[in-house]
Amino acid sequence: MERFPKKQAAVIMIQGTASHVGKSMIATAFCRIFTRHGYRTAPFKSWNMSVNTYLTADGGEIGVGQGQQAEAARIKATVEMNPLLIKPVAPGQVQVIVRGRPYKSVDTAVYAKEKQHDFYLQVIAESLARLCWEYEIVVIEGAGSPAEINLQEQDVANMQTAHLAKAPVLLVGDFSRNGALAGTLGTYLLLPPKDRALLGGFLFNKFDGEEAKLQLLAKVLTAETKLPVLGAIPYLKDLTLAEEDVAKEKALRGEEVAEKKADSGRQYDLLADAVEKALEMPQIYHLMGLAGPRKESGPWVQS
Amino acid sequence: MGAVLMVEGTSQGAGTSLVCAALCRYFRQAGYSVAPFGAKMLVKNMWAQDFGFLGWEQFLQAEAACLNPTVNLHPVFLLQKNHSYDLYWQGKIVAQVTWHEFQHAFAPKTLALAREALEALRRSYDLVIVDGGGNPGENKLLQQEIITLDIKEKLKAPTLLVADIEWGGMFASVMGTFALLAEAEKAHIGGIIVNRFRGRQENLLPGLEMLEELVQKPVLGVLGYYHQVPLATAPAQLAAHKEREAAYQLLSSALQEQVDLSFVMQLLT
């Protein structure tokens, strides 16, 4: 078993202080940004719990987020991009989907307690290795918070994946609810030193534009953690991407599909423009061990 | 003078308003005269009374405490507009201000009004439950929630920290909150109430024990998700009085079942 893949691609991982802080959106933006910069880029989320799924060209089922991220990266989605998908199918029941195919259905209590950790890590390592061979940059998304101290051993999605990939991690906090500093600092404090060592910096999402507030919070966070805040992304309300609905899309005629694709292409560009503008891209490239864009950067969408 | 219990959250929207309503009803049923007090500056929805306006949450908390809202329950607040705020003093709009203007020109009078109102309530009631907003660490750093900060500093009121677990990251938010507070400020926090938990408590318990060790404070209880309660909705969808009453009863029962209220009582004596 190849536990530690020989790294071919540069990698970066987005983790969050909680669910719904905007990890998926930021990973989607990263996929488009690096693609526009001339790098063959792929998304990866090792473990996903979602009812919203995406059908890959070969009929495999993955999380909708990775399907969209593949679109943003202008590549075909494959099952390697989300090799473990936990899909709630009925109250108290989940379906475990491994590399796009149903593996088993189990009671949630059973799933929480079962010891299949080594098997899951092997699946993750193999899928990641394949993407790292095929692509130049792999953008990895975590799940939930990496600091759930009651689940740290079971949590393969965050730091265990980061260690497998030797990925620098950007931790995203939600700026909008007056808890971003506590959330990011608390996450840092709860991580063991070997995990902290992977952190490359923080990002704030849903930034309200209050620069003075941002500066003050960033100053305290950096003083406490010795890590930089690499950007604050504003609310991107208008850029929410349509939930991918595979069944509906199949029902559309060819030209409608093309139109929808063109429209979502523009949405990915708008999103990438906004995120690229908000972030310290040179520092992020540096974390990834790359010099910078291969091509001149955006904005791609003229306003 | 009545006792004061402060309720703060790990973030805005962590559920302090709902916990305050539950506490109001519980203590009222336990035989105390109780008043809610809105210290949270920012209001999304307000409610008209004969004296003027007060925040929507304080209106419901007053109902839970079985009293008619008065101007003292929510003497000052800011209603967010697009790029500024409407400042309300004693139920009436007095100015349209930016945050900067508020802090520089209106904060002293605001504090004076808040102190007077709180003192008046303490003279009339056994217990005042203060909805303090969140997060205490960020509020201190940014000098936001000036009324909450003032009450904590002046009265050293015992405080409950409501920690929102709905989307995860709860342990980190509590850990980070304590890391941002000075020792004297931590000393006032009596305990933690976890809010909006959906899942099996047995899976959470080992984590809660670790958290208690880490921050040296007790977790006083874990509340579920009460999305059916009218506090979770906007005034336009105000439920019938009977339904609201049922909701306050539900919250009070949940509090009694899930939270160590004898410990809360000790904090107050």
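1. Basis. The model is predicted, so local features need pLDDT of at least 70 and side-chain atom pairs count only at pLDDT 80 or more, whereas totals for chains, interfaces and linings use all residues. Residues are numbered from 1 along each chain as its sequence is written, and chains are lettered from A and ligands numbered from 1 in the order in which they are written.

2. Helix pair in chain B. Helix α6 (residues 170-179) and helix α8 (residues 201-215) of chain B pack with their axes 10 Å apart, at an angle of about 10 degrees. Because angles under 35 degrees count as roughly parallel (over 145 as roughly antiparallel, 65 to 115 as roughly perpendicular, the rest as oblique), α6(B) is roughly parallel to α8(B). Helices here are DSSP runs of H or I with at least four residues, and strands are runs of E with at least two, numbered from the N terminus. Axes are lines fitted to C-alpha atoms, for helices over the stretch in contact, and angles run from 0 to 180 degrees between N-to-C directions.

3. Residues of that packing. From α6(B) come Phe171(B), Val174(B), Met175(B) and Phe178(B), and they meet Gly207(B), Leu211(B), Leu214(B) and Val215(B) of α8(B). Contact requires C-beta atoms, placed from the backbone, within 7 Å. By class, this contact has seven nonpolar, one polar and no charged residues. Nonpolar covers Ala, Val, Leu, Ile, Met, Phe, Trp, Tyr, Cys and Pro; charged covers Asp, Glu, Lys and Arg; the others, Gly among them, are polar.

4. Contact between the chains. Chain A contributes 25 residues and chain B 27 residues. On the side of chain A that touches chain B, α6 (180-190) and α8 (211-225) of chain A each supply at least two residues.

5. Cis peptide. Gly134(B) and Asn135(B) are joined by a cis peptide bond, with omega about -5 degrees. Asn135(B) is found in the loop between β9 (127-134) and α4 (136-142) of chain B.

6. Positive phi values. Lys206(A), a residue other than glycine, has phi near 60 degrees and is found in strand β11 (residues 199-207) of chain A. Glu145(B), also not a glycine, has a positive phi of about 50 degrees and lies in the loop between α4 and α5 (146-155) of chain B.

7. Burial of these residues. A residue is buried if 20 or more other C-beta atoms, placed from the backbone, lie within 10 Å of its own, exposed if 12 or fewer, and partly exposed in between. Lys206(A) is buried because 20 other C-beta atoms lie within 10 Å. Glu145(B) counts as buried, with 25 C-beta neighbours inside 10 Å.

Terms used: Contact = placed C-beta atoms within 7 Å.
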